[in-house]
Amino acid sequence: MLNLARARDRMVKVHVARRGIRNHEILQAMREVPREAFVDPGFEEFAYEDGPLPIADGQTISQPYIVALMIEMADVKAGDHVLEVGTGSGYAAAVMSRIVEQVYTIERHPGLAKSAKQRFDELGYRNIEVRTGDGTKGWPEAAPFDAIVVAASGPGAPLALQEQLDVGGVLVVPVGDDLDLQRLLKVTRTGASAYSEEDFGGVRFVPLIGEQGWPEGDKAKVDRPLRHPPSVSLPDMIARAAEPLPDFDDPTFGELFDRFADRRVVLLGEASHGTSEYYKTRAAITRRLVELHGFTIVAVEADWPDAAAIDRYVRHRQQRVGAITPFQRFPTWMWRNTDVAAFIEWMRRHNEKLEPSRQAGFYGLDIYNMSGSIAAVLDYLDRVDPRAAKIARERYGCLTPWQNEPSTYGRAVLTAGYRKCEKAVLEQCRDLLAKQLEYAQSDGADFLDVSQNARLIAAAERYYRIMYYGGAESWNLRDTHMFDTLEHLLDAGGPNSKAIVWAHNSHIGDARHTEMGVVRDELNIGQLCRERFGDEAALIGMGTHSGTVAAASDWDGEMEVKQVRASRADSYERLCHDSLVPRFLLDLGRDTTLRERLLERRLERFIGVIYRPETELRSHYADVSLPQQYDAFLWFDKTAAVTPLGPEHVRTGVPDTYPFGL
């Protein structure tokens with residue numbers, strides 16, 4: 001059974017306080033008021049999610065964060081008299097009633113007003129008065145008000161409401177002519193006939209119907225003369241701001257990214273681990289930054305020992321005796337594909353005539369060898385407890401930051417066989433790590449020093465124990481170590497060193513502005529880079545509408561070429577698709593109006609090495625704020641799967657150090 005008190009506390013902590021609401025009285029009031037009492041029957045379990053919910057008469061109960069934000073903007077405090085326009089379910093009035101002396105609330109729908117009053121009576125909230133009527137005209141006999149909060153959007157701030165403010169009083173109201181997006185306005189009365197205004201950004205509310213709002217009727221906002229011309233649609237705005245991308249081999253492709261050449265770190269994402277266009281894009285950008293702008297570190301989402309073999313090849317160094325062929329473990333296609341092989345050949349040619357200090361290196365950030373460790377776990381469990389092995393495969397298939405099926409974790413852990421295997425698996429993983437570090441120290445002393453080895457070995461047991469059981473802590477530990485490895489590379493290269501990172505969007509997009517960070521308390525490399533390097537870090541994401549992708553159905557499964565479903569109508573990807581520009585760069589810092597309109601959180605798709613189209617919404621979509629997540633976004637409307645290396649790609653006469661032998 002859902003623990004509503006716990007869910008309420010979590011809502012306040014995660015969806016309200018963590019997003020910037022600091023007022024203690026508001027947070028306490030929201031912990032006290034039972035939001036489940038203000039939603040329609042059957043919606044109780046969704047009462048504490050951060051989203052609006054439908055109520056009667058085509059109205060909505062606003063998402064908790066917006067309720068808290070508007071009350072905080074109104075600066076309500078003990079002793080205040082407050083007017084609310086748009087009672088709705090009564091939730092916002094109830095929250096304010098726990099803070100102020102008296103709340104007056106007006107609702108134009110008689111049924112909603114009656115239901116809200118009944119809720120107030122049942123909860124014992126005696127300091128709320130409810131009236132049915134035109135809220136745009138206010139409540140003159142109760143004026144003046146210390147604050148007025150309007151829960152519907154009008155063409156402007158109603159004059160009657162402004163006049164009913166006390167001097168120093170605040171009116172909070174969404175305004176605008178756009179059906180899909182309005183501006184949240186704060187109006188403060190500074191004198192007998194003087195007012196000041198502040199704009200708090202984009203929001204979306206139902207229309208404010210009334211004498212000083214929109215007229216009644218289905219065409220309310222169309223029939224009424226607008227103060228401004230109708231706003232341009234978001235897809236049209238994207239199309240205007242989009243910079244079309246030429247062919248990958250065209251020199252002008254790389255030139256588009258010269259704007260990021262002064263950064264210390266450029267992080268290049270991908271929406272899947274199996275899409276050719278993403279690899280080709282990163283290669284083209286990297287070639288430009290390495291050749292002309294002094295970048296010498298290419299750091300990728302790959303295991304250090306495997307990447308070290310590639311690094312030896314591209315820097316013309318002797319291969320280690322007895323070294324195994326890299327990237328032989330699941331998912332082999334992620335790095336053993338024709339696009340990566342072509343880029344590796346370019347790196348070798350580029351480095352050929354350069355001094356070692358000026359050569360570009362290829363480094364793996366996953367120092368813990370996650371895929372190798374998982375393989376060790378599965379190998380052991382397959383031999384000693386097949387049932388536990390099946391559970392492990394299910395769990396590792398869900399080790400993604402966008403996974404929306406938390407019950408998977410609980411279901412997969414609580415078995416005796418799984419727990420009995422823990423000690424042996426941890427020992428196996430520690431032995432594996434020790435061997436890798438021994439190799440890394442002899443193979444790359446310029447990267448890993450003795451103290452770094454000691455830290456890794458000391459942290460190994462905790463890491464593998466966390467990874468074995470999964471969850472946010474495993475993700476955070478991994479990304480923190482990947483960031484530490486990146487920082488160590490930059491330090492080793494000196495104060496002028498610059499790095500390019502190849503990793504999934506979920507790693508390089510700032511987690512603080514995604515469901516990962518807001519809901520699950522997960523961080524990532526992009527967030528850590530922004531915190532460490534500020535404006536010297538550029539975060540560039542990528543996306544697609546449809547096409548094919550190389551992916552498996554389960555962890556350790558066979559690679560399949562799968563059809564990517566058309567993007568959802570409520571996603572950022574659909575906005576890009578509807579722009580009708582097939583390939584483009586969207587610089588999210590150039591057009592402030594577009595950036596503001598894109599700030600409202602929408603869905604974004606994440607496909608890793610596993611793709612499950614049949615559960616796509618739960619398995620591969622998450623809420624994000626795209627302009628805060630990235631500095632730029634690259635769009636390819638239709639994409640194709642990578643081509644894995646096979647026997648037909650083996651070439652004769654290659655150097656002994658060639659890393660992709662079969």
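**Exercise 1.** At what angle do helix H1 and helix H3 pack, and how far apart are their axes?

*Solution.* A word on the model before we start: it is predicted, so local features need pLDDT of at least 70 and side-chain atom pairs count only at pLDDT 80 or more, while totals for chains, interfaces and linings use all residues. Residues are numbered from 1 along each chain as its sequence is written, and side-chain values use heavy atoms, leaving out hydrogens and water.

Step 1: find H1 at residues 4-16 and H3 at residues 64-74; helices are DSSP runs of H or I, at least four residues, and strands are E runs of at least two, numbered from the N terminus.

Step 2: their axes lie 10 Å apart, at an angle of about 70°. Axes are lines fitted to C-alpha atoms, for helices over the stretch in contact, and angles run from 0 to 180 degrees between N-to-C directions.

Step 3: H1 and H3 are therefore roughly perpendicular (65 to 115 degrees).

Step 4: Met11, His15 and Val16 of H1 meet Pro64, Tyr65 and Ala68 of H3, where contact means heavy atoms within 4.5 Å.

**Exercise 2.** Is Pro582 buried or exposed, and which residues does Pro582 touch?

*Solution.* Step 1: look in the loop between helix H23 (572-578) and strand S17 (583-587).

Step 2: Pro582 counts as exposed because its relative accessibility is 53% (exposed is over 50%, buried under 20%, partly exposed in between, with a 1.4 Å probe and protein chains only).

Step 3: leaving out residues up to four places away in sequence, Pro582 touches Trp635, Phe636 and Asp637. From Pro582 to Phe636 is 54 residues in sequence, with 5.9 Å between their C-alpha atoms.

How values were computed:
Parallel < 35°, antiparallel > 145°, perpendicular 65-115°, else oblique.
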